[in-house]
Amino acid sequence: MTFLRRLVVSLLILLVLLLAAGLFLPKTAHVERSVVINAPAETIFPLIADFKAWERWSPWYGIDPDTVYTYEGSGLGARTSWTSEERSVGSGSQEITAINPPNSMNTALDFGAEGPAQAYFTLAPEGSGTRVTWGFDTDFTNSYIGRYFGLVLDRMLGGPYETGLANLKRLAESS
């Protein structure tokens with residue numbers, strides 16, 4: 001019985017330490033990737049600003065062919081929503097909250113229970129091409145568990161962002 005009591009107390013102490021450590025972890029997470037595309041911003045921007053065009057380059061399209069997508073509007077306030085049983089796709093929505101063609105676009109993402117986030121694209125001249133930067137920011141101020149998730153978010157999203165930018169590059173350069 002003493003062993004069992006020590007085990008329970010040890011597990012409780014470990015749980016308290018993990019929760020306390022969460023107080024000191026970063027409250028926000030940031031992911032950013034970029035690529036230089038050999039095309040003018042005017043060619044690239046419509047592929048970013050039109051959510052329907054994402055079907056041709058986004059790394060999440062094609063993971064689950066049964067995903068249901070809906071699209072509303074264009075430009076500022078345009079919105080897309082998706083529903084998938086595939087965990088890596090999930091369900092959520094994205095809305096354009098700021099747009100400055102052909103230089104930048106900001107979006108608000110809503111992942112339901114997983115919370116909100118913001119994403120952005122910037123396009124800037126570089127050499128004879130355009131540097132496209134895709135970024136993602138989220139806030140875990142009210143989620144201790146989320147703060148732990150924030151520690152691995154760059155590794156989780158970085159690869160798909162690189163894939164998406166490579167797809168966008170191929171698409172824009174072939175136009």
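Trainee: How many residues in the lining of the largest pocket are nonpolar, polar and charged?

Mentor: The lining divides into 22 nonpolar, 10 polar and 3 charged residues. Ala, Val, Leu, Ile, Met, Phe, Trp, Tyr, Cys and Pro count as nonpolar, Asp, Glu, Lys and Arg as charged, and the others, Gly among them, as polar. This is a predicted model, in which local features need pLDDT of at least 70 and side-chain atom pairs count only at pLDDT 80 or more, while totals for chains, interfaces and linings use all residues. Residues are numbered from 1 along each chain as its sequence is written, and side-chain values use heavy atoms, with hydrogens and water left out.

Trainee: What volume does the largest pocket have, and why is such a space called a pocket?

Mentor: Its volume is about 1,100 Å³. Of the 35 lining residues, Ser88, Val89, Phe111, Glu114 and Leu157 are the closest to its centre. On a 1 Å grid over the protein atoms alone, a pocket is an open set of points with protein on both sides within 12 Å along at least five of seven lines, whereas a cavity is a set where a 1.4 Å probe fits but cannot get out; lining residues have an atom within 4 Å of a point. Points are joined across faces, edges and corners, and the volume is the space filled by probe spheres set on them.

Trainee: Which element gives the most to that lining?

Mentor: Helix 4, with 5 residues. Helices (H or I, at least four residues) and strands (E, at least two) are DSSP runs, numbered from the N terminus.

Trainee: What makes Gly73 exposed or buried?

Mentor: Gly73 is exposed because its relative accessible area is 73%, and exposed means over 50%, buried under 20% and partly exposed in between (1.4 Å probe, protein chains only). Gly73 lies in the loop between strand 2 (68-72) and strand 3.

Trainee: Which residues touch the most other members of the largest nonpolar core?

Mentor: Ile44, Ile48, Trp57, Val132 and Leu168, out of 37 residues. Helix 4 gives the most to this core, with 7 residues. Such a core is a set of buried Ala, Val, Leu, Ile, Met, Phe, Trp, Tyr and Cys residues joined through side-chain atoms within 4.5 Å. Leaving aside neighbours within four places in sequence, Trp57 is in contact (heavy atoms within 4.5 Å) with residues including Leu47, Ile48, Phe121, Trp134 and Leu168.

Trainee: How do you know what span to expect of helix 4?

Mentor: The expected span is 1.5 Å times one less than the number of residues. Helix 4 has 22 residues, and its reach of 32 Å from first C-alpha to last is close to the 32 Å expected. Its buried residues include Leu157, Tyr161, Leu165 and Leu168, and the buried residues pack against strand 1, helix 2, strand 6, strand 7 and helix 3.

Trainee: Which residues of helix 2 are buried?

Mentor: Ala41, Ile44, Phe45, Leu47, Ile48 and Ala49. They pack against strand 1, strand 4, strand 5, strand 6, strand 7 and helix 4.

Trainee: What does Val68 touch?

Mentor: Not counting residues up to four places away in sequence, Val68 touches Ser81, Trp82 and Thr83. Val68 lies in strand 2, and its C-alpha is separated by 6.7 Å from that of Ser84, 16 residues apart along the chain.

Trainee: Where is there a cis peptide bond?

Mentor: A cis bond joins Pro101 and Pro102, with omega about -5°. Most peptide bonds are trans. Pro102 is in the loop between strand 4 (92-100) and strand 5.
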